[in-house]
Amino acid sequence: AVGARLIEYICYLECDDKPFQHTGCLGSTKFPFGWDYIRSKSALTGNLSKRFPAHNTSPDGFPEGLQLFAFPNGLNLHVRPPNPHLHSFVLTMVNGRRMYAYCYTAYAQVPSHVLTVLRMQIGVSSMHDSEPGDFELPQSLYWARSIVLLSYYPFHASFLALLRHICDGRHLTVDLAENIYLSLKDLKANFDCTHSRLHHHHFKLN
């Protein structure tokens, strides 16, 4: 039944690193990720890395394009990690039914293999740009990761407080998202689904 569960899905989203996994296209062609592109939001795209459960649990199916709403301002690289933040949004399904999304975003170091490709990209692009070619990429860069909770219930304050309680001070990972799902998946939606009930729910997180 629609809304029988308090939580429909827990999702883990991060920056898509696939464009950085292929260095064979460097050569003499200007690489599409020069520093101008790196600084722009259009250079990086979000990716739904994992969702729990993997199968559809609701008759409305799983909402498409979740990453566009999880990262509404696009994605960028940061020299220093911004503070974690929360936001919520509403997804309207084809039949008009609403699914509510609650998103916790934090920032993690860009993997070393991505930094290596970025340095190569900047080197190639600098040969074609008017910008100086002696730009040095910082030793560390940061990009966003998000955990999104999807529910048919608009318990905005409770769900956002819940995500803050669970995620604050933790590295956002697929394992954390799975642990959140396993802890919440058996909660049934009923008239006792109050802020107090969520607040006192016992979480067994690794």
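Modeller: A residue is called buried when its relative accessible area is under 20%, exposed when over 50%, and partly exposed in between, using a 1.4 Å probe and protein chains only. Residues are numbered from 1 along each chain as its sequence is written, and side-chain values use heavy atoms, with hydrogens and water left out. The model is predicted: local features need pLDDT of at least 70 and side-chain atom pairs count only at pLDDT 80 or more, while totals for chains, interfaces and linings use all residues.

I start with the cysteines. C103 is buried, at 0% relative accessibility, and C11 is likewise buried at 0%. A disulfide is a pair of cysteine sulfur atoms within 2.5 Å, and a search of the whole structure finds zero of them. For C11 the closest cysteine sulfur is that of C103, 9.7 Å away and too far for a bond. For C103 the closest one belongs to C167, at 9.6 Å, again too far for a bond.

A nonpolar core is a set of buried Ala, Val, Leu, Ile, Met, Phe, Trp, Tyr and Cys residues joined through side-chain atoms within 4.5 Å. The largest one has 28 residues, and C11, L66, V148 and L150 touch the most other members. At least two residues of this core come from each of β1 (9–15), α2 (66–70), β3 (85–92), β4 (98–109), α3 (112–126) and β5 (142–151). Here helices (H or I, at least four residues) and strands (E, at least two) are DSSP runs numbered from the N terminus. Apart from this core lies another, of 24 residues, with L6, Y100, F159 and I180 among them.

Contact means heavy atoms within 4.5 Å. Leaving out residues up to four places away in sequence, L150 touches I7, E8, Y9, C11, F62, P63, L66, L91, M99, Y100 and A101.

A salt bridge is a side-chain nitrogen of Lys or Arg within 4 Å of a carboxyl oxygen of Asp or Glu, and the structure holds five. In one of them the side chains of R5 and E8 meet at 3.2 Å, N to O. E8 is buried at 1% relative accessible area, whereas R5 is partly exposed at 22%. D60 and R97 form another, with their closest N and O atoms 2.8 Å apart. This pair links distant parts of the chain, 37 residues apart: D60 is in the loop between β2 (46–52) and α2, and R97 in the loop between β3 and β4. D60 counts as buried at 18%, and R97 as partly exposed at 32%. R164 and D168 also form a salt bridge, at 3.8 Å between the closest N and O atoms; R164 is partly exposed at 40%, as is D168 at 37%.

At F62, R51 lies over the ring face, 4.3 Å from the ring centre. A charge sits over a ring if NZ of Lys or CZ of Arg is within 6 Å of the ring centre and within 35 degrees of the ring normal.

Lastly, the ring pairs. Rings of Phe, Tyr and Trp (its six-membered ring) pair if their centres lie within 6.5 Å; planes under 30 degrees apart count as stacked, over 60 as edge-to-face and the rest as tilted. The count is six aromatic pairs. Y153 and F155 form a stacked one, 5.7 Å centre to centre with 25° between the planes. Y153 is partly exposed at 23% and F155 at 25%. Y102, Y153, F155 and F159 form one aromatic cluster.
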